[in-house]
Amino acid sequence: MMPVIYEDERLDDLQRNHYKIIQKPKRFCFGMDAVLLSGFAQVKKGERVLDLGTGTGIIPILLEAKTQGLSFAGLEIQADMADMAARSVAYNHLEHKIEIVCGDIKEASSLFGEASFDVVTCNPPYMNESHGLKNPEEPKAIARHEILCTFQDVAREASRILRPGGRFYLVHRPRRLPELFETMRAYKLEPKRMKMVHPFIGEEANMVLIEAYAGGRPQLRVEAPVIVYQAPGVYSEEIYSIYGY
């Protein structure tokens with residue numbers, strides 16, 4: 001029996017394995033940042049993966065399609081979003097591989113257990129208290145602003161959940177890099193690989209992708225940047241490859 005898709009929802013084709021995802025256009029839809037993170041994260045055969053703040057469930061679904069990971073989980077605090085993500089998992093018949101859990105990032109290590117995952121991914125809220133906030137109850141505001149959790153909460157729980165040598169993958173804003181590095185290192189998550197994302201050649205970066213190792217030694221590799229558009233409205237070849245076109 002196929003899961004329910006409500007009137008205010010739509011079904012989008014992910015261009016991977018014939019998978020589709022349920023979204024609510026008026027509330028929150030996944031963006032380029034989630035797709036880029038799914039392309040940047042490396043999941044090896046047999047590894048267990050947790051996505052913190054999974055939203056629509058896009059990252060676990062894409063990682064299941066792209067990798068040979070053993071199992072995937074997504075943690076989401078908003079009950080309606082968690083339900084929608086779970087219905088997307090069911091629509092694609094992935095219940096045996098992907099689990100969606102409704103819960104708080106701040107309690108992730110209690111929910112799943114310490115040192116229980118090989119890989120943790122997160123596309124966290126980018127905006128902190130210094131940025132204006134119109135309605136803190138809106139799902140979009142919760143996804144974009146640090147209302148229900150801070151980056152410190154994310155880093156702390158990721159460090160607890162990861163096994164020694166496990167990997168943490170993050171997409172964020174470049175302007176917060178000093179804070180991100182300082183916080184990750186405080187929780188023994190050592191940045192090892194970084195990739196800037198630029199809308200066009202010649203424009204400054206508006207996103208950054210980071211890989212950190214739990215208990216890793218200091219040594220950072222900065223990879224060639226991602227250029228999103230080769231012309232207005234035309235994605236670069238790298239973006240097309242990430243999307244699977």
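How many of the residues of β6 are buried? Six of its six residues are, and β6 is thus described as mostly covered. This is a predicted model, and the description below applies to that model.

Strand β6 has paired strands in β3 and β7. Four bridges join β3 to β6, and these two strands run parallel. Within that pairing, Val49 stands opposite Val119 of β6. Another five bridges join β6 to β7, again in parallel. Here Cys122 has Leu170 in β7 as its bridge partner.

## Thr121

Thr121 is located in strand β6, which spans residues 117–122. Its relative accessible area is 0%, so Thr121 is buried. The side chain of Thr121 makes a polar contact with the side chain of Asp51, at 2.8 Å.

Leaving aside residues up to four places away in sequence, Thr121 touches Leu37, Ala41, Leu50, Asp51, Leu52, Ile59, Leu63 and Tyr169. Asp51 is therefore both a touching residue and the partner in the polar contact of Thr121. Tyr169, also in the list of residues that Thr121 touches, takes part in an aromatic pair with Phe40.

## Aromatic pairs

The structure holds five aromatic pairs. One of them is formed by Phe40 and Tyr169: the ring centres are 6.0 Å apart and the planes meet at 85°, which makes the pair edge-to-face because planes over 60 degrees apart count as such. Phe40 belongs to helix α1 (residues 32–40) and Tyr169 to strand β7 (residues 162–172), so the pair ties together parts that lie 129 residues apart in sequence. Both Phe40 and Tyr169 are buried.

A second pair consists of Phe200 and Tyr229, with ring centres 5.4 Å apart and planes at 25°, so this pair is stacked. It too links distant parts of the chain: Phe200 is in the loop between β8 (189–198) and β9 (207–214), and Tyr229 is in strand β12 (residues 229–231), 29 residues away. Phe200 is partly exposed, at a relative accessible area of 25%, and Tyr229 is partly exposed as well, at 28%. Ring pairs join Phe200 and Tyr229 with Tyr235 and Tyr240 into a cluster.

## Charges over rings

Two arginines are placed over phenylalanine rings. The charged end of Arg48 sits over the ring of Phe117, 4.5 Å from the ring centre. For Arg193, the charged end sits over the ring of Phe40, at 3.9 Å from its centre. Phe40 thus has Arg193 over its ring and also pairs with Tyr169.

## Helix α6

Which residues of helix α6 are buried? They are Phe151, Asp153, Val154, Ala155, Arg156, Glu157, Ala158, Ser159 and Ile161. Nine of the eleven residues of α6 (residues 151–161) are buried, so the helix is largely enclosed by the rest of the structure.

The buried residues of α6 pack against both strands and helices. The strands are β3 (48–52), β6, β7 and β8, and the helices are α4 (108–112) and α7 (177–186). The list includes β6, whose six residues are buried.

## His198

His198 lies in strand β8. Its relative accessibility is 16%, and His198 counts as buried because the cut-off is under 20%. The side chain of His198 reaches two backbone atoms: the oxygen of Glu203 at 2.7 Å, and the nitrogen of Ala205 at 3.3 Å.

Apart from residues up to four places away in sequence, His198 touches Glu203, Glu204, Ala205, Pro225, Val226, Ile227 and Val228.

## Cysteines

A search of the whole structure finds zero disulfides.

Cys149 is buried, with a relative accessible area of 9%. Cys29, in turn, is partly exposed at 23%.

Conventions. Residues numbered from 1 in each chain as written. Predicted model: local features only at pLDDT ≥ 70, side-chain atom pairs only at ≥ 80, totals over all residues. Heavy atoms only, no water. Phe/Tyr/Trp six-rings, centres within 6.5 Å; stacked < 30°, edge-to-face > 60°. Buried < 20%, exposed > 50% of the residue type's maximum accessible area, 1.4 Å probe, protein only. Lys NZ or Arg CZ within 6 Å of the ring centre and 35° of its normal. Polar contact = N/O pair within 3.5 Å; in protein donor to acceptor, adjacent residues only side chain to side chain. Contact = heavy atoms within 4.5 Å. Disulfide = S-S within 2.5 Å. Pairing = 2+ DSSP bridges.
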